[in-house]
Amino acid sequence: MPSDPAPDDLTELDLLMRVARQWRHTGARAAAGHGGGLTPHQQRALLSLHRHAEEGVRVSGLAEHLGITPRSATEVADALEAAGLLTRSPDPADRRAALLRLSTQGRRRAEQVRVHRTEAAERAVSRLDPADRRELRRLLLALLD
């Protein structure tokens with residue numbers, strides 16, 4: 001089997017994708033240790049719902065935030081509801097729709113997930129000095145625009 005190309009032979013996109021894959025695997029390992037059996041989508045859903053705690057979120061909004069189909073978001077919401085981490089209530093603006101909100105237990109779990117993800121992110125960039133970290137953030141934000 002051929003070996004991976006040397007870093008000098010990789011484009012910036014290749015390098016970025018390698019770093020993303022490395023961080024994703026690191027995050028998945030960290031999540032397995034603290035996530036209490038939650039998948040990465042479920043953890044991200046908890047964080048999204050936590051940010052919108054007051055107004056609630058429709059499944060379609062959750063799907064958009066997670067970058068998944070509404071059907072997949074429904075499955076994520078169903079699993080979180082079954083675990084006692086979220087509740088559904090009628091949307092006052094559209095009785096056909098439901099709003100998702102975190103339960104008390106869901107808010108606690110979301111805070112735990114947030115803390116663990118922050119710690120994992122800190123470890124991921126810990127080799128960089130503060131100026132390089134600021135520059136990395138600036139560059140990543142510029143690429144998102």
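**Exercise 1. Locate Leu-38, state whether Leu-38 is buried or exposed, and list what Leu-38 touches.**

Step 1. Leu-38 sits in the loop between helix 1 and helix 2, where helices (H or I, at least four residues) and strands (E, at least two) are DSSP runs numbered from the N terminus. The model is a predicted one, in which local features need pLDDT of at least 70 and side-chain atom pairs count only at pLDDT 80 or more, while totals for chains, interfaces and linings use all residues. Residues are numbered from 1 along each chain as its sequence is written, and side-chain values use heavy atoms, with hydrogens and water left out.

Step 2. The relative accessible area of Leu-38 is 13%, and Leu-38 is therefore buried; buried means under 20% relative accessible area, exposed over 50%, and partly exposed in between, with a 1.4 Å probe and protein chains only.

Step 3. Not counting residues up to four places away in sequence, Leu-38 touches Gln-43, Leu-46, Leu-80, Leu-85 and Arg-109, contact being heavy atoms within 4.5 Å. The C-alpha atoms of Leu-38 and Val-76 are separated by 9.7 Å, although these residues are 38 places apart along the chain.

**Exercise 2. Describe how helix 2 packs against helix 4.**

Step 1. The two helices pack at an angle of about 80°, with their axes 10 Å apart; the axes are lines fitted to C-alpha atoms, for helices over the stretch in contact, and angles run from 0 to 180 degrees between N-to-C directions.

Step 2. This angle makes helix 2 roughly perpendicular to helix 4, since angles under 35 degrees count as roughly parallel, over 145 as roughly antiparallel, 65 to 115 as roughly perpendicular and the rest as oblique.

Step 3. Helix 2 contributes His-41, Gln-42, Ala-45 and Leu-46 to the contact, and helix 4 contributes Val-76, Ala-79 and Leu-80. By class, the residues of this contact divide into 5 nonpolar, 2 polar and no charged, where Ala, Val, Leu, Ile, Met, Phe, Trp, Tyr, Cys and Pro count as nonpolar, Asp, Glu, Lys and Arg as charged, and the others, Gly among them, as polar.

**Exercise 3. Find the buried residues of helix 3, and say what covers them.**

Step 1. In helix 3, which spans residues 59-66, the buried residues are Val-59, Leu-62, Ala-63 and Leu-66. They cover an arc of only 100° around the axis, which puts them on the same side of helix 3; the arc is that of the directions from the helix axis to the C-beta atoms. An α-helix has 3.6 residues a turn, so residues three or four places apart point the same way.

Step 2. Their cover includes helix 2 (40-51), helix 4 (70-82) and strand 2 (94-102). On the helix 2 side, Ser-48 lies in that helix and is buried at 2% relative accessibility; leaving aside neighbours within four places in sequence, Ser-48 is in contact with Leu-62 and His-65.

Step 3. With helix 4, helix 3 packs at an angle of about 105°, the axes being 8 Å apart, and that makes helix 3 roughly perpendicular to helix 4. Here Val-59, Leu-62 and Ala-63 of helix 3 meet Pro-70, Ala-73 and Thr-74 of helix 4, a contact with 5 nonpolar, 1 polar and no charged residues.

Step 4. After helix 3 comes Gly-67, whose phi is positive, near 70°.

**Exercise 4. Work out what surrounds Asp-91 and Arg-58.**

Step 1. Asp-91 belongs to strand 1 (residues 86-91) and is buried, with a relative accessible area of 7%. The side chain of Asp-91 reaches the backbone nitrogen of Ala-93 at 2.9 Å.

Step 2. Not counting residues up to four places away in sequence, Asp-91 touches Arg-58, Ala-97, Ala-98 and Leu-99.

Step 3. Arg-58 is found in the loop between helix 2 and helix 3 and, at 32% relative accessibility, counts as partly exposed. Leaving aside neighbours within four places in sequence, the contacts of Arg-58 are Asp-91, Asp-94, Ala-97, Ala-98 and Leu-99. Between the C-alpha atoms of Arg-58 and Ala-97, 39 residues apart along the chain, the separation is 7.1 Å.

Methods:
Polar contact = N/O pair within 3.5 Å; in protein donor to acceptor, adjacent residues only side chain to side chain.
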